[in-house]
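Here is a short briefing to read alongside the model. Take a look at the structure first, then follow the topics below.

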Amino acid sequence: MSYNLFLLAFVLGIGGAFQYGLQVSIINSPAEYIKSFIRETWLKRYSSSPSEDMITLMWSFVVSIYTIGGLLGSLSAGYLSVRFGRKKAMLFANIPALLSATLMGLSRLCGSFEMIIAGRLFSGVCGGLALNIHLMYAGECAPQKLRGLIAITGSTATAVGKFVGFALGLREVLGVDALWPVLMAANALPALFQLLTLPFFPDSPRYLLIDKKDKEGCIKAVKQLWGDGDHMAEIDDMMAEQEAIRGERAKSVCDLFRDKAVRWQLITLFLVASCMQLIGVNVVYFYAYNVFIKAGIPPAQIHYVSLGVGITEILTTVLCGFLIERAGRKTLLWKSYTVMALALGLLTVTLSLQDSFSWIPYCSVALIFIFIMSFGIGPAGVLCPLPTEIFIQSYRPAAYVFNGATNWIQLFILGLLFPFIVEGLGSFCFIIFLTYCLSMAIFVFLVMPETKGKTMLQVMEEFNRLNYRGKKRQTALQQSNCSVMTVTRL
């Protein structure tokens, strides 16, 4: 296997999922500096100090408009990836990243906090578009035996992005008043890196063959990415998928809801992947600060402990990459969901008894790390290749649009409701997320088919057993089998 495939995964990660992780974490450090900048700018502009409510409102715009941009980027991912191809769409995602870096980097010099808000909007567009294209592009470029490992690099890139955002925000690096515009413009570097390196790689072989009908281009891309070995079995699989599609155009999100042939794929995608925000990882991070304080860690050192948490997430996603082709997707998912549900249940108990015994906070710290490790080994990694594996080519862009859009909408809604949920329920808010994790463990164990080591059409046949009953199911299976046999004979 050529190293080019892994180099492509690295390049895609830098300009894709890394950008999302970076923007999620980088906004925390300069919060007070940006609020002070808004206050000073308002005073110079209007000769009166803004109220605290106005400062809070402006800061809310700065934080929440990122999710609006992410939603817009996700909604455009399907059209751009079909119209221009995976490679050009990925390159296009770097344009809003550079715009956002320019706006936020020059905001202080221009005396405009509105430029920060606009910059966050463009960075959200980049995150929503790049994350979807990255996972689709990487999954379609990988051979069957490496599909899970290559797709999981998206999860690793997200975790590395979060870690780099935390690290750059330290006071020893860029987390000071004089340098926060530089910190907010840091996303320009990965965007420039990808713009300079991605043109040397081919487009997705599946896109070239199935969408563009370019067999020579597909074979050339396969040789460049996979080396000079015998890859005819993989190409036959792509041709079988092309025959099964029968020249159909790329489907829309509305088609996903209307077509019975992908009903259970859509249900699985929505429950297991699109509702990922309901796992509760953001709530665990929220409580981590208080837990670490109770455990005796000085407030000044909490940022370094957060880096330790980030390193843990990176290592567990890397471990998931090695396990996913051995243990399988289904096994990793239902077991990790079960462990996370247990960890959340015990965390609810330990947080309630936090002040009762001196050793309880240490139990809470251990449970937080257990939860984050389970999240990294399970959903954070395994869900990356899921849309690629359970949808055939014509439905895949729409599936990524649906998955990305629902995730961004949930992130926005939870961002608004989260303070009220915590205030009303306290540590008992974990029960909501515990219920989701336990339900998903049962659903994955009983319903979701295993996709490890299977072609796209074999996975489609597995879902046809759920989508159809009786004669209709048999007809669908026979049509799929005929498609595979016909292309194989050719």
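A salt bridge here is a side-chain nitrogen of Lys or Arg within 4 Å of a carboxyl oxygen of Asp or Glu. By that rule, the structure, which is a predicted model, holds 17 salt bridges. In general, side chains of opposite charge can pair when their charged atoms come close.

**Salt bridges**

- Glu-140 pairs with Arg-86, with the closest N and O atoms 2.9 Å apart. Since Glu-140 belongs to helix α7 (residues 114-141) and Arg-86 to helix α5, this pair ties together parts that are 54 residues apart in sequence. Both Glu-140 and Arg-86 are buried.
- Glu-389 forms a salt bridge with Arg-329, and their closest N and O atoms are 2.5 Å apart. Glu-389 sits in helix α21 (residues 386-390) and Arg-329 in helix α18 (residues 329-352), so parts 60 residues apart in sequence are tied together. Glu-389 counts as buried because its relative accessibility is 0%, and Arg-329 counts as buried at 1%.
- One network, joined by salt bridges that share partners, contains Arg-86, Glu-140, Arg-206, Asp-237, Glu-241 and Arg-396.
- Asp-255 and Arg-249 also form a salt bridge, with the closest N and O atoms 3.8 Å apart. Asp-255 is buried at 10% relative accessibility, whereas Arg-249 is exposed at 57%.

**An enclosed helix**

- Helix α5 (residues 85-92) is largely enclosed by the rest of the structure, because six of its eight residues are buried. Those buried residues are Gly-85, Arg-86, Lys-87, Ala-89, Met-90 and Leu-91.

**A nonpolar surface patch**

- Ile-409, Ile-413, Leu-416, Leu-417 and Phe-420 make a nonpolar surface patch of about 480 Å².
- Ile-409 lies in helix α22 (residues 396-425) and counts as partly exposed, with 39% relative accessibility.

Terms used
Residues numbered from 1 in each chain as written. Predicted model: local features only at pLDDT ≥ 70, side-chain atom pairs only at ≥ 80, totals over all residues. Heavy atoms only, no water. Patch = residues over 30% accessible without salt bridge, like charges linked within 9 Å, V, L, I, M, F, W, Y side chains within 5 Å. Areas by Shrake-Rupley, 256 points an atom, 1.4 Å probe, with all protein chains shown as cover. Helix = DSSP H or I, 4+ residues; strand = E, 2+ residues; numbered from the N terminus. Buried < 20%, exposed > 50% of the residue type's maximum accessible area, 1.4 Å probe, protein only.
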